[in-house]
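Here is a friendly briefing to read alongside the model. Please keep the sequence and the 3D view open as you go.

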Amino acid sequence: MLVVMKAQATPEEIQAVCETIQQLGLRAHPLPGEQRTAIGITGNKGEVERGNLEALAGVAEVIRVSKPYKLASREVKEEDTVIRFAESDASIGGSALAIVAGPCSIESREQAFAIAEQVAASGAQFFRGGAFKPRTSPYAFQGMGLEALRIMAEIRSRFGLRIITEALDNESLDLAAEWADVIQIGARNMQNFSLLKRAGRQQKPVLIKRGLSATLEEFLMSAEYVMSEGNYQVVLCERGVRTFADHARNTLDLSIIPAIKRLSHLPILVDPSHATGRRDSVLPMARAAIASGADGLLVEVHDHPEKALSDGPQSIYPAQFARMMDELAQIAPVMGRSLTRGDGQPADSALQSHHES
Ligand code: PEP
Ligand code: MN
């Protein structure tokens, strides 16, 4: 259920409606919009008695939300959610494209700093790097843990990049919440409901990657888990799903972008790196992602991918990232979006020496 407040409703009236909802043993989620505030109600088993709420001061109407995901749905909030960051121009979901770049894993201070410097120069606003890695093999590199988080915090102060890192479990979630700006919940954990709830009980924005075989509804229900706990700063990320295709690591499902945009107000990024698993496919899919209406990209970049401890084959070189940003700067205006650029110039010579585009 959803209580739509009148445009001129006062903060006191909104507060009084929230209190009435809580007295009914339910949870109130005030969601301010440009025109008016809507208050989502969760926790009800069936229909909530409208009469009680409709009679309250400042209430325009009480409506039923038809979708199983309530707070994530456009029925509850018409305008796009824009996530902003204190002391930074970075945002996710607004007209500016959000670009997240960095290595799959933080491997050393030198490696992380070298990559961060180059992606910042090309205009990335967010730096990604795994500290806790979900690896298929228990013998594969598992991440540097807390040390990696410390390195990323230094990168934030040095280059002004906001930091995104993955949480695997309760312990790493608490650490990521303390050290990073955005917490990533990986594809394998998309339906780890207790982890999603915990992510919903802390304040930092949460980026949820689509599960390897998740439907759109399952994906949005994962966002709903976080939101139902009171954290409305959720970003979705399409990263490819498993199919019979054997030419790529996964199949990038760009058709989910317009579908998500229709059904939800949440921003959605595309990760062309995990979606394809191939360096030479990242740029074409990045272009297509922006053209399909994504709010930005999450891309793996490594300065020595042949030596990378994880996901080397899909990591692009910094020079390729610079070129990607140049191309996206041309595509963005067609989509009514902007792309903030760094002061870096694409290193064409380095690009040519890799014979890749
Ligand atoms: C990652 O971003 O490095 C990662 C492990 O992603 P995913 O959960 O999409 O596989
Ligand atoms: Mn990776």
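A search of the whole structure, which is a predicted model, finds three aromatic pairs; here Phe, Tyr and Trp rings (for Trp the six-membered one) pair if their centres lie within 6.5 Å, and planes under 30 degrees apart count as stacked, over 60 as edge-to-face and the rest as tilted. Local features need pLDDT of at least 70 and side-chain atom pairs pLDDT 80 or more, while totals for chains, interfaces and linings use all residues, and side-chain values use heavy atoms, without hydrogens or water. Residues are numbered from 1 along each chain as its sequence is written, with chains lettered from A and ligands numbered from 1 in the order in which they are written.

**An aromatic pair**

- F85 and F126 form an edge-to-face pair, because their ring centres are 5.3 Å apart and their planes meet at 70 degrees.
- The pair links distant parts of the chain, 41 residues apart: F85 sits in the loop between β5 (83-84) and β6 (91-92), and F126 belongs to strand β8 (residues 126-128). Helices (H or I, at least four residues) and strands (E, at least two) are DSSP runs numbered from the N terminus.
- F85 counts as buried at 9% relative accessibility, and F126 counts as buried at 0%. Buried means under 20% relative accessible area, exposed over 50% and partly exposed in between, with a 1.4 Å probe and protein chains only.

**The manganese ion (ligand 2)**

- C104 (SG), H274 (NE2), E300 (OE) and D311 (OD) coordinate the manganese ion at 2.0 to 2.4 Å. Donors are N, O and S atoms within 2.8 Å of the metal (3.2 Å for Na, K and Ca), and sites may look incomplete as water is not among the atoms.
- Along the sequence, the donor residues follow the spacing C-x169-H-x25-E-x10-D.
- C104, in the loop between β7 (98-102) and α3 (109-121), and E300, in strand β14 (residues 296-300), are 196 residues apart.
- C104 counts as buried at 3% relative accessibility, and E300 counts as buried at 0%.

**Around ligand 1**

- Ligand 1 is surrounded by 13 residues, the closest being R128, A187, R188, K209 and R239; a residue is near if one of its heavy atoms lies within 4 Å.
- Polar side-chain atoms of R128 and R239 lie 2.7 Å and 2.6 Å, respectively, from an oxygen atom of ligand 1.
- A polar backbone atom of A187 is 2.7 Å from an oxygen atom of ligand 1.

Methods
Polar contact = N/O pair within 3.5 Å; in protein donor to acceptor, adjacent residues only side chain to side chain.
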